[in-house]
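Here is a short report on one protein model. Keep the structure open while you read.

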Amino acid sequence: MDSKVTEQIFPQNAPPIEELFAEVDGARMRYLRAGSGPPLILLHGLMGYSFSWRFTIPTLSRHARVYAVDSLGTGFSDRPASLDCSVRSGADRLLSFVKSVGVTSFDLLGTSYGGAVAMMAASMCVQHPDLRLRKLILVAPVNPWSPHGRRLAPFLGTKLGSTLFLRSVDHMHWTFPFWLARLFGDPNRIPTGTLEGYVAPVSIPGSFQYAIEVVRHWNDCLQQLETILPQIADVPTLLIWGSADAAVYAQSAEKLRQHFRNCELVVYPGVGHLPYEEVPERFNATLIDFLMRSTFT
């Protein structure tokens, strides 16, 4: 990586990143905070956590006050045994977090399953008159027009399916590099330390149970998303996708875009499911341009 690109990803004199905790529904939610300016909430995907934004926070924190959460059940947040893992409950906890840190007006970025939670949270803002969502950024969000998970999720959500998965996953760590590579359009662009970073919190009891509980609600999540889209149609929205996304197909992007009246779609050729890690300098530039603009051009 040359010095110019390094400066774009890790700008000199970037604001320090703080590790903090907030209480949400009686549990501790870990989050990272950096910078000053308009609040920007970053929400990771299903098996991710705030680590996902390690190339985003240093640059974005020069333009915004960035909050990158570890959702309850993931990362280094608590894993309550009775956690409701429906998409609506996840969105409600996100808005509770926003209030707990004293934010009232904010931009929201969600990726993959976090994108689904972000859309649901956007629709629920109308129930919180003390909250104002300015802009919504969705990075390859789970949506009703990408078929991934529709067949597998119901099986994994059964007692048999979840038991088989949980009993076998501890013996399948050797497959993790394969699954990580599938998330990149070009596996040669996987940053050093990525696998180690994602695996770090997996040993905490309850990590995979959280994922199982999410997939139990998978098809209900997709149905609910289609129902609430008219409620967020006027929110200024940016969709970002990689054309080689093997997790949430890029073909679904245009169908999702049509449900927004003020929406821009950016597709990176040859990039996979994690553009903020695969091409972080391009991703950061796209995001800053959108956030800094008052209207679309």
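## A β-α-β unit

A crossover is right-handed if, with the strands pointing away from the viewer, the path from the first strand over the helix to the second runs clockwise. Helices (H or I, at least four residues) and strands (E, at least two) are DSSP runs, numbered from the N terminus. The model is predicted: local features need pLDDT of at least 70, side-chain atom pairs count only at pLDDT 80 or more, and totals for chains, interfaces and linings use all residues. Residues are numbered from 1 along each chain as its sequence is written, and side-chain values use heavy atoms, with hydrogens and water left out.

Strand β7 (residues 237–242), helix α11 (residues 251–257) and strand β8 make a right-handed β-α-β unit. Strand β8 covers residues 263–268 and runs parallel to β7. The two strands are joined by 6 bridges; strands pair if DSSP finds at least two bridges between them. Leu239 has Leu265 in β8 as its bridge partner.

## Helix α3

Helix α3 spans residues 87–100, which makes 14 residues. The expected span of a helix is 1.5 Å times one less than its number of residues. For α3 that gives 20 Å, and the end C-alpha atoms are 20 Å apart, so the two values agree.

Which residues of α3 are buried? They are Val87, Ser89, Gly90, Ala91, Arg93, Leu94, Leu95, Phe97 and Val98. Buried means under 20% relative accessible area, exposed over 50%, and partly exposed in between (1.4 Å probe, protein chains only). Just after the helix, Gly102 takes a positive phi of about 80°.

## Salt bridges

Side chains of opposite charge can pair when their charged atoms come close. Here a salt bridge is a side-chain nitrogen of Lys or Arg within 4 Å of a carboxyl oxygen of Asp or Glu. The structure holds 12 of them. One joins Glu19 and Arg30, at 2.6 Å from N to O. Glu19 lies in strand β1 (residues 17–24) and Arg30 in strand β2 (residues 27–34), so the pair ties together parts that are 11 residues apart in sequence. Glu19 is partly exposed, at 49% relative accessible area. Arg30 is buried, at 11%.

A second bridge links Asp107 and Arg134, at 3.1 Å from N to O. Asp107 belongs to strand β5 (residues 105–111) and Arg134 to strand β6 (residues 132–139), so this pair ties together parts 27 residues apart in sequence. Asp107 is buried, with 7% relative accessibility. Another bridge pairs Glu213 with Arg216, at 2.8 Å from N to O. Both residues lie in helix α9 (residues 207–216), 3 residues apart, about one turn of the helix. Glu213 is partly exposed at 28%, and Arg216 is partly exposed at 35%. Salt bridges that share partners also join Glu19, Arg30 and Asp70 into one network.

## Cavities

Rolling a probe the size of a water molecule over the atoms shows where empty space is left. A cavity is a set of points, on a 1 Å grid over the protein atoms alone, where a 1.4 Å probe fits but cannot get out; lining residues have an atom within 4 Å of a point. Grid points are joined across faces, edges and corners, and a volume is the space filled by probe spheres set on the points.

How many cavities of 30 Å³ or more does the structure hold? There are 2. The largest cavity has about 170 Å³ of space. It is lined by 18 residues, and the closest to its centre are Leu43, Ser71, Gly90, Val117 and Tyr210. The elements that give two or more residues to this lining are α3, α4 (113–124) and α9.

## Loops and positive phi

Most residues other than glycine have a negative phi, and most peptide bonds are trans. Ser112 is not a glycine, yet has a positive phi of about 55°. Ser112 sits in the loop between β5 and α4 and is buried, at 14% relative accessible area. Ala140, also not a glycine, has a positive phi of about 45°. Ala140 is in the loop between β6 and α5 (152–156). Its relative accessible area is 1%, and Ala140 is buried.

Leu83 is found in the loop between β4 (65–69) and α3. At 16% relative accessibility, Leu83 is buried. The C-alpha atoms of Leu83 and Leu72 are separated by 8.1 Å, and the two residues are 11 residues apart along the chain.

Notes:
On a 1 Å grid over the protein atoms alone, a cavity is a set of points where a 1.4 Å probe fits but cannot get out, and a pocket is an open set with protein on both sides within 12 Å along at least five of seven lines; lining residues have an atom within 4 Å of a point.
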